[in-house]
Amino acid sequence: MHIEMTATPDLSWQEQALCAQTGGDFFFPEPGSSVRDAKRICALCPIRSTCLEFALSNDERFGVWGGLSEKERLALRRAAP
């Protein structure tokens with residue numbers, strides 16, 4: 001019998017995120033909706049880079065993370081060596 005153990009990621013940084021104080025509607029808008037408000041909030045967030053790093057390393061495909069939209073994160077991943 002093989003039991004695979006995976007480490008639970010430390011998500012305590014999310015408590016400091018401005019999005020946690022704002023609500024998810026801005027950060028997970030309906031398709032085709034503007035992400036401008038989410039990006040404004042992200043620009044002021046002290047842990048923006050941690051958030052973006054988390055999204056990239058966990059292949060988050062939806063919403064605004066670290067100030068980047070889904071398309072922007074995809075472009076960033078594709079441009080990486």
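Contact here means heavy atoms within 4.5 Å. Helices are DSSP runs of H or I with at least four residues, and strands are runs of E with at least two, numbered from the N terminus. By these terms, the buried residues of α2 pack against α1 (18-22) and α3 (48-57). This is a predicted model: local features need pLDDT of at least 70, side-chain atom pairs count only at pLDDT 80 or more, and totals for chains, interfaces and linings use all residues. Residues are numbered from 1 along each chain as its sequence is written, and side-chain values use heavy atoms, with hydrogens and water left out.

**Overall build**

- The protein chain has four helices and zero strands.
- Along the sequence, the pattern reads α-α-α-α.
- The C-alpha trace spans about 50 × 30 × 25 Å along its principal axes.
- Of the 81 residues, 26% count as buried (under 20% relative accessible area, with exposed over 50% and partly exposed in between; 1.4 Å probe, protein chains only).
- Among contacts with a separation of 6 or more, 38% join residues 24 or more positions apart.

**Helix α2**

- Helix α2 covers residues 36-44, and its buried residues are Ala-38, Ile-41 and Cys-42.
- Seen down the helix axis, these buried residues fall within an arc of 100°, so they line one face of α2. The arc is that of the directions from the helix axis to the C-beta atoms.
- An α-helix has 3.6 residues a turn, so residues three or four places apart point the same way.
- Arg-36, Ala-43 and Leu-44 are exposed on the other side of α2.

**Nonpolar cores**

- A nonpolar core is a set of buried Ala, Val, Leu, Ile, Met, Phe, Trp, Tyr and Cys residues joined through side-chain atoms within 4.5 Å.
- The largest one has eight residues: Trp-13, Ala-17, Cys-45, Ile-47, Cys-51, Phe-54, Ala-55 and Trp-65.
- Another core, of six residues, lies apart from it; Phe-27, Val-35, Ile-41 and Val-64 are among its members.
- Ile-47 is in contact with Trp-13, Gln-16 and Ala-17, leaving aside its neighbours within four places in sequence.

**A buried loop residue**

- Ser-69 sits in the loop between α3 and α4 (70-79).
- Ser-69 counts as buried because its relative accessibility is 10%.
- Leaving aside neighbours within four places in sequence, Ser-69 is in contact with Lys-39 and Gly-63.
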